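Here are my notes for you, as numbered points. Keep the model open while you read and look up each residue as it comes.

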Amino acid sequence: MEYIFEPTYQCQNFKQLGNHLSSAKYVGSSTDFRSDSITFYEKIYFQQEEEYVISDLEHLRLNGRIASLIITGSSDWTIYDEPRFSGKAICLKIDGSPEYAPAFVVDTFKLNPTVPHGSIASVRKGCYTNKMLSIPVVSAKPTINYDSEED
């Protein structure tokens with residue numbers, strides 16, 4: 001998996017990836033990369049179906065099928081294992097940066113065994129529990145990072 005984040009560049013040159021690029025995915029708001037959002041993905045490494053969320057959602061469409069996620073902006077998010085903001089709750093607290101770098105969770109189970117695949121059913125913007133997990137953001141320097149793990 002490759003990712004690029006650079007808030008001052010308008011476009012990226014993928015030449016340095018050679019002929020190894022098979023697809024590209026944009027995440028977050030199309031009008032402002034600093035906007036708060038959380039995007040859920042059905043499979044690890046941001047694959048398959050996705051669900052983009054910008055505010056509280058008491059019943060996720062991907063309920064029972066979430067394996068990875070990306071957070072943009074500076075807001076923390078509380079995830080619940082049942083619809084309507086009930087059940088076990090965990091606040092995903094962003095280790096923020098002034099550059100609004102995104103936070104990637106390639107596998108929710110590796111994030112914490114208490115967040116197994118498919119256990120996220122609803123989400124609220126902000127922290128609504130004392131149980132918190134710190135999510136690091138990516139580097140905001142011009143960079144391409146490579147994670148050699150494959151699914």
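1. Start with the sulfur link: a disulfide (a pair of cysteine sulfur atoms within 2.5 Å) joins Cys91 to Cys127, with 1.7 Å from S to S. A search of the whole structure turns up one disulfide. The link of Cys91 and Cys127 is left-handed, with -45° about the S-S bond. Cys91 sits in strand β6 (residues 86-95) and Cys127 in the loop between β8 and β9, so the pair ties together parts that are 36 residues apart in sequence.

2. Before going on, some ground rules. This is a predicted model, where local features need pLDDT of at least 70 and side-chain atom pairs count only at pLDDT 80 or more, while totals for chains, interfaces and linings use all residues. Residues are numbered from 1 along each chain as its sequence is written, and side-chain values use heavy atoms, leaving out hydrogens and water.

3. Are the two cysteines buried or exposed? Buried means under 20% relative accessible area, exposed means over 50%, and partly exposed is in between (1.4 Å probe, protein chains only). Cys91 counts as buried at 0% relative accessibility, whereas Cys127 is partly exposed at 32%. For the chain of 151 residues, buried residues make up 39%.

4. Now the overall layout. The chain has one helix and 10 strands; both kinds of element are DSSP runs numbered from the N terminus, with helices being H or I over at least four residues and strands being E over at least two. Read from the N terminus, the order is β-β-β-β-β-β-β-α-β-β-β. Take contacts (heavy atoms within 4.5 Å) between residues at least 6 apart in sequence: 70% of them join residues at least 24 apart.

5. Next, look at an open sheet of four strands, ordered β8-β5-β6-β9 with mixed pairing. Two strands pair if DSSP finds at least two bridges between them. The edge strands, β8 (122-125) and β9 (132-136), each pair on one side only. From one strand to the next, the twist averages 25°; the axes behind such angles are lines fitted to C-alpha atoms (for helices, over the stretch in contact), and angles run from 0 to 180 degrees between N-to-C directions. Strand β5 (residues 77-82) runs antiparallel to β8, and four bridges join them. Trp77 has Lys125 in β8 as its bridge partner.

6. Ser122 is buried, at 0% relative accessible area. A polar atom of the Ser122 side chain lies 3.1 Å from the backbone nitrogen of Phe85. Leaving out residues up to four places away in sequence, Ser122 touches a whole list of residues, including Leu57, His59, Tyr80, Pro83 and Phe85.

7. Then there's β2 (37-43). Five of its seven residues are buried, so β2 is largely enclosed by the rest of the structure. Five bridges join β2 to β4, and the two run antiparallel. Tyr41 is in β2, is buried at 0% relative accessible area, and has Ser68 in β4 as its bridge partner. Tyr41 and Val106 are 65 residues apart in sequence, and their C-alpha atoms are 9.3 Å apart in space.

8. On to the partner β3 (residues 47-53), which pairs with β2 in the antiparallel sense over five bridges. Lys43 stands opposite Gln47 in β3. Which residue takes a positive phi in the hairpin of β2 and β3? Tyr45 does, near 55°, and the hairpin has three residues between the strands.

9. Last, the nonpolar cores. A nonpolar core is a set of buried Ala, Val, Leu, Ile, Met, Phe, Trp, Tyr and Cys residues joined through side-chain atoms within 4.5 Å. In the largest one, with 20 residues, Ile38, Phe40 and Leu92 touch the most other members. Strands β2, β4 (68-72), β5, β6, β7 (103-105) and β9 each supply at least two residues of this core, and β6 gives the most, with three. A second, separate core has eight residues, among them Phe46, Ala67, Ile70 and Val106. In soluble globular proteins, nonpolar side chains tend to be buried together.

Methods. Polar contact = N/O pair within 3.5 Å; in protein donor to acceptor, adjacent residues only side chain to side chain.
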